[in-house]
Amino acid sequence: MYVILRSPCMTFRPLTGNDAALDVLNLGGAADESDEDDEGGHAERAIENLGEEVQRQHFYYKRELDDLEPDELRAQLELRGKATQGTKADLVERLWVMVQEEEKVEEGGDQSVKMNLHRLKQLLLHLMLRWDGKTLGWKGGASVRSLIVEQLEDDADLQAAFYASCARRSVVGVAWSGEVAVAAACDRSSFFANFWRFFEVEVRLATVPYQSWVEGDLLRFLEALPSITLQVCAAPKPLIRKYMLLNMERLLHYKDKHPDVLKFISRNCKRLDEEDVELTNALLGRFCHARQVADIDTYIHVSGLLGGLHQLTAELDARAFNRKPQASEHVRLRDLYSTPSWKESNAVLDNWILDTALRAAAGDAQLDAAWERDDRFKRALDNMPIWEGQLESWLKTKRRREAAPGPGPAPAPG
């Protein structure tokens, strides 16, 4: 498993075209192709180190519990104060009852503020637009990030404290700059370190790569994918973590064995936007029977129909309606946030980000106590060997089951 951990001051390289995406995934080292070595070693080490990352997890489907190892199920039951004895099936049933009870309690909580995926995407895009949108060339963008860096660089107290720390550690020759000032503020304040990482790394990863994707350039997404994988794996979601690691391995396989697949994806990435995919799936469903089990032949047949249907619809729209082509959601939102009606809200948000960052950088003990230092990217990177071992053990078990002989044909009637 290959991953890249970017620094808190992470920046992206200038775009050089989609074909350069193949070089981005050259993450170093050769893949280990010896699946047969150390058959049970990874699983044993994973179980031994399982206690290092035990957290109370939320589950939404019973199949998520089926994908957990018995030791993981016991750990979750122990966190809930329940018995941990029994077979895996017993553990799954016992934990599933607890999960349903927790869901009933949570449903009775405060429902005054609701957040869904669509609203979260809008919020993150707005934050990035104000944080560094001007540098990215986004319409209506600001650069609160630059203001923070400039004021930290002019902070004489921060500079004096930094060089005093260098003297104690016998470090010489470090020139004072904006990036050095940010690093010094991160060392001084846990709140500032977490606050800076949230905007500079977390929000950037959740917006910039996908923004470039829908605009027709996949390079930034492929650059950021190792860090995105770490970001997803850091969340306590075993099933999603397994999905991300499998897809990362598949992408590395494409890079090494099928670069033509990556070139095809890169040159057609505009049509691989999730909204277009969902629309295509909805159209495909209209030409399938409700109870039909779709296979590749079904998709080939229906996909052939969609081309003609699309041309017919375009002809009818051109004759009956005078429709303008719609921009992507990201572009529409950027235009919206730059309108005069958002001027006051943007000013309030900019001032809040700037004031909070400078207050934390000055060494506010109350803020530091409220947000202790925590680097979940590093935590995910440290746990990667454990998760890799669990994944390899799960894959080998799955392949053995698939290779096992079936019950055979039923005996002929006497």
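**One serine and its surroundings**

Modeller: Ser212 is buried, with a relative accessible area of 7% (buried means under 20%, exposed over 50%, partly exposed in between, with a 1.4 Å probe and protein chains only). The model is a predicted one: local features need pLDDT of at least 70, side-chain atom pairs count only at pLDDT 80 or more, and totals for chains, interfaces and linings use all residues. Numbering runs from 1 along each chain as its sequence is written, and side-chain values use heavy atoms, leaving out hydrogens and water.

Ser212 sits in helix α10 (helices, H or I, of at least four residues and strands, E, of at least two are DSSP runs, numbered from the N terminus). Set aside its neighbours within four places in sequence, and Ser212 is in contact with Asp217 and Arg220 (contact means heavy atoms within 4.5 Å). His330 is 118 residues away from Ser212 in sequence. In space, the C-alpha atoms of Ser212 and His330 are 9.9 Å apart.

α10 spans residues 190-214 and is one of the elements that give two or more residues to the largest nonpolar core, of 38 residues (a nonpolar core is a set of buried Ala, Val, Leu, Ile, Met, Phe, Trp, Tyr and Cys residues joined through side-chain atoms within 4.5 Å). The other such elements are α6 (117-136), α7 (144-153), α8 (156-168), α9 (178-188), α16 (329-337) and α17 (343-361). α10 gives the most, with eight residues. Inside this core, the residues with the most contacts are Ile148, Leu152, Phe192 and Ile353. Take Ile148. Beyond four places in sequence, Ile148 touches Trp131, Phe192, Trp196, Ile353, Leu354 and Ala357.

Next, the charges. Side chains of opposite charge can pair when their charged atoms come close. The count of salt bridges comes to 14 (each is a side-chain nitrogen of Lys or Arg within 4 Å of a carboxyl oxygen of Asp or Glu). Asp374 pairs with Arg379, the closest N and O atoms being 2.5 Å apart. Both ends are partly exposed: Asp374 at 40%, Arg379 at 31%. Asp256 bridges to Lys255 at 2.7 Å between the closest N and O atoms. Here Lys255 is buried at 18% relative accessibility, whereas Asp256 is partly exposed at 47%.

Lys398 and Glu402 form another salt bridge, with 3.8 Å between the closest N and O atoms. These two are four residues apart in helix α19 (residues 376-403), so about one helical turn separates them. Lys398 is partly exposed at 38%; Glu402 is exposed at 59%. Elsewhere, bridges that share partners join Asp132, Arg145, Glu179, Glu200 and Arg204 into one network.

Last, the whole chain. It has 19 helices and zero strands. Of its 414 residues, 35% are buried. Among contacts between residues at least 6 apart in sequence, 68% join residues at least 24 apart. The chain exposes about 25,400 Å², and carbon and sulfur atoms supply 54% of it (areas come from the Shrake-Rupley method with a 1.4 Å probe; for residues, only the protein chains shown count as cover).
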